[in-house]
Amino acid sequence: MIIRILLLGSLAAIGWLVFLRRNRLPIHILVVFTLLAVGGLAVIFPEMTNEVAGFVGVGRGADLITYVVAVTMLFVLLHYYTKFVELQHQLTQVTRELAILRGEVDRLAPPSAPPGSEHDSSAT
Amino acid sequence: MLSELTTPGAHRRDTWVVIAAFNEHSVIREVASAVADDGWSVVVVDDGSRDDTAQAARVPGVVVLRHAINLGQGAALQTGIDYALRRGARNIVTFDADGQHAREDIPALVGALADAEIALGSRFLGSVEGARRRRMLLLRLAVLVSNRLSGMQLTDAHCGLRAFRAEVAPRLRITQDRMAHASQLLRKIKEAKLRLVEVPVTVRYTAHSIQNGQHGLQAIRILFDYFFRPT
């Protein structure tokens, strides 16, 4: 029974965190709480998962959960990898703009130090 | 046209030589100032070096841009290209920072743009100095793989010395930040059906350029980037 308390407690904690950061679309919150509710039911009535597993053609409920989690994790991983690459492209663009901007600032309004002024005259 | 492009002086200013540099403080000043002394416009992109590459490159006639963080050679080249375009470049040349290229080859590359849109340097049409047999074999292998990937028949792969006209630059945008940019460039040349010519160049390997250069094993990472990094 300890495991049930641990699992339910974890689910409740996740629910609480999601509730605290509810700056998402309502549909996201709805999806998360539905998933949490399904998880909670599975913890309280484990036999239920066996029935669902049998219905879709998997031996045990625990196996079904393993498969679903594995596929979900792969999906999440892919999602974040795509985001990561996108973010990297954005970072490249920001860094590039910054470099060019600083170059232009140095050229058009050279720092008062001597190296800047000779740099300016030669660049134009 | 050809004479106009190769005449030293005013017209050379319209050609921008882009040098991407990462931790090259010991050689960058010499390399950049030599190219600038020939009359070309020069932009050095310091790709977030940990040493004082940017400071070392600050010589008259050389514009220095600095990436706040290290992004990779492909990104640095594209930054230099973007800058050159904004400054009204007519031609763009990419040149390695480590001193392996000869600035004497630039006029021939730029001159070749009279009849072509892009000119790629070829060390196998030209000459290679200071390379051991192992490196030469590796380079030959790279040529085979590269031709296979790009579906082109070139005599060299990924020579960093090349020239192209400014108007084709938008079709050659590098989105591969790291080393796979060279393969990406070939693919884009093919897709855009650009008129391409190979020009013999001299590549001179020194202890420094070998130490700062790519190791054979890094080819694996380049291939990974090429195939798996969405662009």
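Colleague: Before we start, how are residues, chains and ligands labelled, and what confidence does the model need?
Modeller: Residues are numbered from 1 along each chain as its sequence is written, while chains are lettered from A and ligands numbered from 1 in the order in which they are written. The model is predicted, with local features needing pLDDT of at least 70 and side-chain atom pairs counting only at pLDDT 80 or more, whereas totals for chains, interfaces and linings use all residues.

Colleague: How many helices and strands does chain A have?
Modeller: Chain A has five helices and zero strands, in the order α-α-α-α-α along the sequence. Helices (H or I, at least four residues) and strands (E, at least two) are DSSP runs, numbered from the N terminus.

Colleague: And what is the secondary structure of chain B?
Modeller: Chain B comes to nine helices and seven strands.

Colleague: What share of each chain is buried?
Modeller: In chain A, 9% of the 124 residues count as buried; in chain B, 46% of the 231 residues do. A residue is buried if 20 or more other C-beta atoms lie within 10 Å of its own, exposed if 12 or fewer, and partly exposed in between, with C-beta atoms placed from the backbone.

Colleague: What are the dimensions of the box that chain B fills?
Modeller: Along the principal axes, the C-alpha atoms of chain B fill a box of roughly 40 × 40 × 35 Å.

Colleague: Let us turn to strand β3 of chain B. How many of its residues are buried?
Modeller: Five of the five residues of β3(B), residues 62–66, are buried, so the strand is largely enclosed by the rest of the structure.

Colleague: Which way do they point?
Modeller: V62(B), V64(B) and R66(B) point one way from β3(B), and V63(B) and L65(B) the other way. In a regular strand the side chains alternate between the two faces of the sheet.

Colleague: In what sense do β2(B) and β3(B) pair?
Modeller: Strand β2(B), residues 41–46, and β3(B) pair in the parallel sense over five bridges. Two strands pair if DSSP finds at least two bridges between them. V42(B) has V62(B) as its bridge partner in β3(B).

Colleague: Another spot: where is F164(B), and is it buried or exposed?
Modeller: F164(B) is found in strand β6 of chain B, residues 162–165. F164(B) is buried, with 26 other C-beta atoms within 10 Å.

Colleague: Which residues is F164(B) in contact with, neighbours within four places in sequence aside?
Modeller: Those residues are I92(B), E117(B), I118(B), A169(B) and L172(B). The C-alpha atoms of F164(B) and T15(B), 149 residues apart along the chain, are separated by 9.6 Å.

Colleague: Finally, how many residues does each chain give to the contact between them?
Modeller: The contact takes 16 residues from chain A and 20 residues from chain B. On the side of chain A that touches chain B, α4(A) gives the most, with 11 residues.

Note on methods. Two residues are in contact if their C-beta atoms, placed from the backbone, lie within 7 Å.
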